[in-house]
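Try each task before you read its solution.

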Amino acid sequence: MINKNKHNREKAKEALSADNRRDFIKKAGLGALGMGGMLFLPDEKVIAQNTKKTFKTGPKIKQINVTPIAFTDPPVLNAAGLHAPYALRNIVEVITDDNISGISEMHGGIANTNALEAAKGLLIGKDPFQLNEIKRTLQTHFGKEEAQKRGDAAYWNNGQLSTVFGAVEVACLDIMGKITGRPVVDLLGGKMREQVPFAAYLFYKYEGAGGKLGFKTDNNAKGWAAVRQAKALDPAGIVAEAKGMCEEFGFKSIKLKGGVFEPQKEVDAMFALREAFGPDVPLRVDPNALWKVETGIKYGKMMDGLLEYLEDPVRSQENMAKVRKEIKTPLATNMCTTAFEHIPSSIALGSEDIILTDHHYWGGLKASMDVGRICEVFGRGISMHSNSHLGISLAAMVHLGGALPYLTTALDTHYPWQSEEVITGGRLKFEEGSVQVPQGPGLGVELDKKALALLHKNYLDSGLTKRDDAKEMQKVQPGWVFKNDRW
Ligand code: GKR
Ligand code: MG
């Protein structure tokens with residue numbers, strides 16, 4: 001042993017002599033000269049063989065399909081107005097030259113469809129493993145995204161770099177998972193939990209099932225499907241909705257989408273939920289930044305001790321920081337800190353306690369892992385925002401939720417409001433409010449081509465090309481206008 005070590009030391013010394021230094025660095029760079037490597041220096045031939053094995057060129061993207069779809073959505077209310085009878089999404093399928101297909105789901109609307117169509121030509125021939133290069137390529141076309149360009153508009157209608165790249169990245173990760181035989185969660189660093197917890201996401205709503213039925217209901221509906229079509233316009237209606245949803249999905253936390261009625265009425269609904277569910281069920285309310293600063297402080301104080309967090313009571317990081325200083329309840333956001341460029345001012349101002357990440361607009365799953373890291377470093381909590389979505393998005397959210405080392409609260413999902421699917425095997429299951437991280441390679445869900453065609457037909461028949469909640473609201477309340485700070 002002693003002799004062997006002496007021999008290796010001499011070999012290492014020899015390797016470090018001036019003439020050989022470059023060669024030594026080359027070998028070290030290939031990983032041959034860790035301490036283990038010093039014991040058995042592989043010869044050039046072995047290194048060459050291993051190198052070939054390790055650095056196999058990936059497959060190339062041969063084809064990208066973008067399919068706009070529409071699925072039934074009930075008439076739920078929010079600060080921006082009313083949901084249309086159909087919610088829109090774009091389904092992306094990336095196919096490699098060896099016929100491996102990766103899928104993802106993106107915000108709906110023609111701007112996003114067009115942006116994805118434009119991206120297609122740039123990505124054919126690219127290696128799906130080369131995500132940095134793919135992003136750079138998209139950046140040359142879409143320009144570097146500037147957070148201030150997003151303004152107050154619903155950023156998911158815009159078709160910008162982060163949304164397009166997010167969609168492409170998820171599909172590429174699905175491909176990588178299928179090639180390596182590993183679930184996406186492993187490509188994000190590995191599983192931190194088997195089950196990912198979600199919250200019941202309540203909405204005020206008019207009576208109606210949405211879709212073809214619109215404001216009408218299906219008399220044969222049972223259980224949650226029946227509750228989902230009932231009206232919920234007061235605290236009693238919200239409690240009944242919460243009970244129906246929690247019974248069906250087993251959720252252990254509850255969120256109410258506010259910004260619909262004057263604040264006192266929404267605060268009353270939160271107290272009614274507390275009364276009905278008791279102190280062990282965490283509660284949140286999200287007025288989508290429709291309150292003025294003084295309103296945020298007044299009702300924030302009223303709900304101190306009641307809420308797990310108050311989500312976006314007011315607009316802008318400055319206003320959030322003002323409210324946060326005055327109340328004890330933690331503040332969460334998916335509106336004032338929505339991009340990496342927002343982080344420095346978020347930290348400087350102290351605008352929120354929790355960031356609700358969303359891979360659909362933060363720039364993908366890996367970027368959302370980075371958001372998690374930033375939150376950890378700066379003492380913020382992290383959770384997840386959602387919009388109307390189907391199972392491909394849910395699977396991606398679950399892989400991300402499974403991988404985030406530091407997840408502080410249950411995630412948002414609109415999934416219970418939807419009844420259709422675009423994946424094989426039907427709707428994903430919730431157990432006790434959680435979804436199990438899919439086990440199969442990649443996302444672990446597959447596109448149902450028949451369902452895709454049907455939902456695409458829905459899109460064409462619906463006549464909708466973008467989400468416009470204000471327009472839908474005006475059909476019910478003529479003259480209704482969106483106001484930035486209504487109360
Ligand atoms: O679907 O009506 C809705 C929500 O209001 C959604 O658009 C929001 O983005 O869920 C969201 C939120 O938490 O702000
Ligand atoms: Mg929100």
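## Exercise 1: the shell around the ligand

**Task.** Which residues surround ligand 1, and how do they split by class?

**Solution.** Keep in mind that this is a predicted model.

- Step 1: list the shell. Ligand 1 is surrounded by Asn78, Lys257, Asp286, Asn288, Asn334, His385, Ser386, Asn387, Ser388 and His414.
- Step 2: sort it by class. The shell around ligand 1 holds eight polar and two charged residues, and no nonpolar ones.

## Exercise 2: the chain as a whole

**Task.** How many helices and strands does the protein chain have, and what share of its residues counts as buried?

**Solution.** 

- Step 1: count the elements. The protein chain has 20 helices and 14 strands.
- Step 2: get the burial. Out of 487 residues, 45% count as buried.
- Step 3: check how far along the sequence the contacts reach. Taking contacts with a separation of 6 or more, 72% of them link residues 24 or more positions apart.

## Exercise 3: two helices against α8

**Task.** At what angles do α5 and α6 cross α8, and which residues make the contacts of α5 and α6?

**Solution.** Start with α5.

- Step 1: take the geometry. Helix α5 covers residues 110–123 and helix α8 covers residues 161–180; their axes come within 10 Å and cross at roughly 60°.
- Step 2: name the arrangement. The crossing of α5 past α8 is right-handed.
- Step 3: find the contact. On the α5 side you have Asn112, Ala115, Leu116, Ala119 and Leu123, and on the α8 side Thr163, Val164, Ala167 and Val168.
- Step 4: sort by class. Seven residues of the α5 contact with α8 are nonpolar, two are polar and none is charged.

Now do α6.

- Step 5: Helix α6 spans residues 131–142, and its axis comes within 10 Å of that of α8, crossing at roughly 150°. Angles over 145 degrees count as roughly antiparallel, so α6 is roughly antiparallel to α8. Here, too, you get a right-handed crossing, as α6 passes α8.
- Step 6: read off the partners. From α6 come Leu131, Ile134, Lys135, Leu138, Gln139 and Phe142, which meet Leu161, Val164, Phe165, Val168, Glu169 and Cys172 of α8.
- Step 7: The contact of α6 with α8 has nine nonpolar residues, one polar and two charged.

## Exercise 4: α17 on α18

**Task.** What is the handedness of the crossing of α17 and α18, and which residues make the contact?

**Solution.** 

- Step 1: set up the pair. Helix α17 (residues 365–377) packs on helix α18 (residues 391–403) at about 35°, and their axes are 10 Å apart.
- Step 2: α17 and α18 make a right-handed crossing.
- Step 3: list the contact. Leu365, Ser368 and Met369 of α17 face Ala396, His399, Leu400 and Ala403 of α18 in this contact.
- Step 4: sort it. Five residues of the α17 contact with α18 are nonpolar, two are polar and none is charged.

## Exercise 5: positive phi without glycine

**Task.** Where do Asn288 and Ser316 sit, and what are the phi values of Asn288 and Ser316?

**Solution.** 

- Step 1: go back to the ligand shell, which includes Asn288. Asn288 sits in the loop between β9 (283–286) and α13 (293–302). Its phi is near 50°, a positive value in a residue that isn't glycine.
- Step 2: Asn288 has 19 C-beta neighbours inside 10 Å, so it counts as partly exposed; buried would take 20 or more.
- Step 3: do Ser316. Ser316 lies in the loop between β10 (309–311) and α14 (317–326). Ser316 isn't a glycine either, yet its phi is positive, about 85°. With 16 other C-beta atoms within 10 Å, Ser316 is partly exposed.

## Exercise 6: buried or exposed?

**Task.** Are Lys205 and Asn319 buried or exposed, and which residues outside their sequence neighbourhood touch Lys205 and Asn319?

**Solution.** 

- Step 1: Lys205 is in the loop between β7 (200–203) and α10 (223–227). Lys205 has 26 C-beta neighbours inside 10 Å, so it counts as buried.
- Step 2: find its partners. Beyond four places in sequence, Lys205 is in contact with Pro74, Pro75, Val76, Leu77, Lys231 and Ala232.
- Step 3: Asn319 belongs to helix α14, and with 20 other C-beta atoms within 10 Å it is buried.
- Step 4: find its partners. Leaving aside neighbours within four places in sequence, Asn319 is in contact with Val293 and Val314.

Terms used:
Residues are numbered from 1 along each chain as its sequence is written. Chains are lettered from A and ligands numbered from 1 in the order in which they are written. This is a predicted model: local features need pLDDT of at least 70, side-chain atom pairs count only at pLDDT 80 or more; totals for chains, interfaces and linings use all residues. Helices (H or I, at least four residues) and strands (E, at least two) are DSSP runs, numbered from the N terminus. A residue is buried if 20 or more other C-beta atoms lie within 10 Å of its own, exposed if 12 or fewer, and partly exposed in between; C-beta atoms are placed from the backbone. Two residues are in contact if their C-beta atoms, placed from the backbone, lie within 7 Å. A residue is near a molecule or strand if its C-beta atom, placed from the backbone, lies within 6 Å of it. Ala, Val, Leu, Ile, Met, Phe, Trp, Tyr, Cys and Pro count as nonpolar, Asp, Glu, Lys and Arg as charged, and the others, Gly among them, as polar. Axes are lines fitted to C-alpha atoms, for helices over the stretch in contact, and angles run from 0 to 180 degrees between N-to-C directions. A crossing is left-handed if the near helix is turned anticlockwise from the far one by less than a right angle, and right-handed if clockwise. Angles under 35 degrees count as roughly parallel, over 145 as roughly antiparallel, 65 to 115 as roughly perpendicular and the rest as oblique.
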